[in-house]
Amino acid sequence: MKTKICAHCQVEATTLYRIQTSAGGKQWVFVCEACCIKAKPRPGYRYGGTWQGYRH
Ligand SMILES: [Zn+2]
């Protein structure tokens, strides 16, 4: 089981979402589910896939 750290709240998670926001300077970042939901209504939001630690 692998984990990554959420780029927004620094929580360790096994499932992260690859997203882009205008606040992130158009960079792709991995965030946890809660941060992904919070980022959705924001301008510049793009979803680029899901990362799951148990599949690697
Ligand atoms: Zn988070």
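How many of the seven residues of S5 are buried? The points below take this up along with the rest of the fold.

1. Basis of the model. This is a predicted model, in which local features need pLDDT of at least 70, side-chain atom pairs count only at pLDDT 80 or more, and totals for chains, interfaces and linings use all residues. Residues are numbered from 1 along each chain as its sequence is written.

2. Strand S5. The number of buried residues among the seven of S5 is zero, so this strand lies largely in the open. Here a residue is buried if 20 or more other C-beta atoms lie within 10 Å of its own, exposed if 12 or fewer, and partly exposed in between, with C-beta atoms placed from the backbone. Across the chain, 20% of the 56 residues count as buried.

3. Overall layout. The chain has one helix and five strands, in the order β-β-β-β-α-β along the sequence. Helices (H or I, at least four residues) and strands (E, at least two) are DSSP runs, numbered from the N terminus. The radius of gyration is 11 Å, close to the 10 Å that the globule rule gives for 56 residues, so the chain is as compact as a globular protein of that length. That radius is taken over C-alpha atoms, and the rule is 2.2 Å times the number of residues to the power 0.38. The C-alpha trace spans about 35 × 20 × 15 Å along its principal axes.

4. The sheet. Three strands form an open sheet in the order S4-S3-S5, with antiparallel pairing. S4 and S5 are at the edges with a single partner strand each, so one side of each has no neighbour in the sheet. From one strand to the next the twist averages 25°; axes are lines fitted to C-alpha atoms, for helices over the stretch in contact, and angles run from 0 to 180 degrees between N-to-C directions. Two strands pair if DSSP finds at least two bridges between them. S3 has five bridges to S5 (residues 46–52) and four to S4. Tyrosine 17 stands opposite threonine 50 in S5 and opposite valine 31 in S4.

5. The core. The largest nonpolar core has 10 residues, among them Leu16, Tyr17, Val31 and Cys32. Such a core is a set of buried Ala, Val, Leu, Ile, Met, Phe, Trp, Tyr and Cys residues joined through C-beta atoms within 7 Å. At least two of its residues come from each of S3 (15–20), S4 (28–31) and helix H1 (33–39). Leaving aside residues up to four places away in sequence, cysteine 32 touches Cys6, Cys9, Val11, Ala13 and Leu16. Contact requires C-beta atoms, placed from the backbone, within 7 Å.

6. Tyrosine 45. This residue is in the loop between H1 and S5. Tyrosine 45 has 16 other C-beta atoms within 10 Å and is partly exposed. Not counting residues up to four places away in sequence, tyrosine 45 touches Ile19, Thr21, Ala39 and Lys40.

Technical notes. Contact = placed C-beta atoms within 7 Å.
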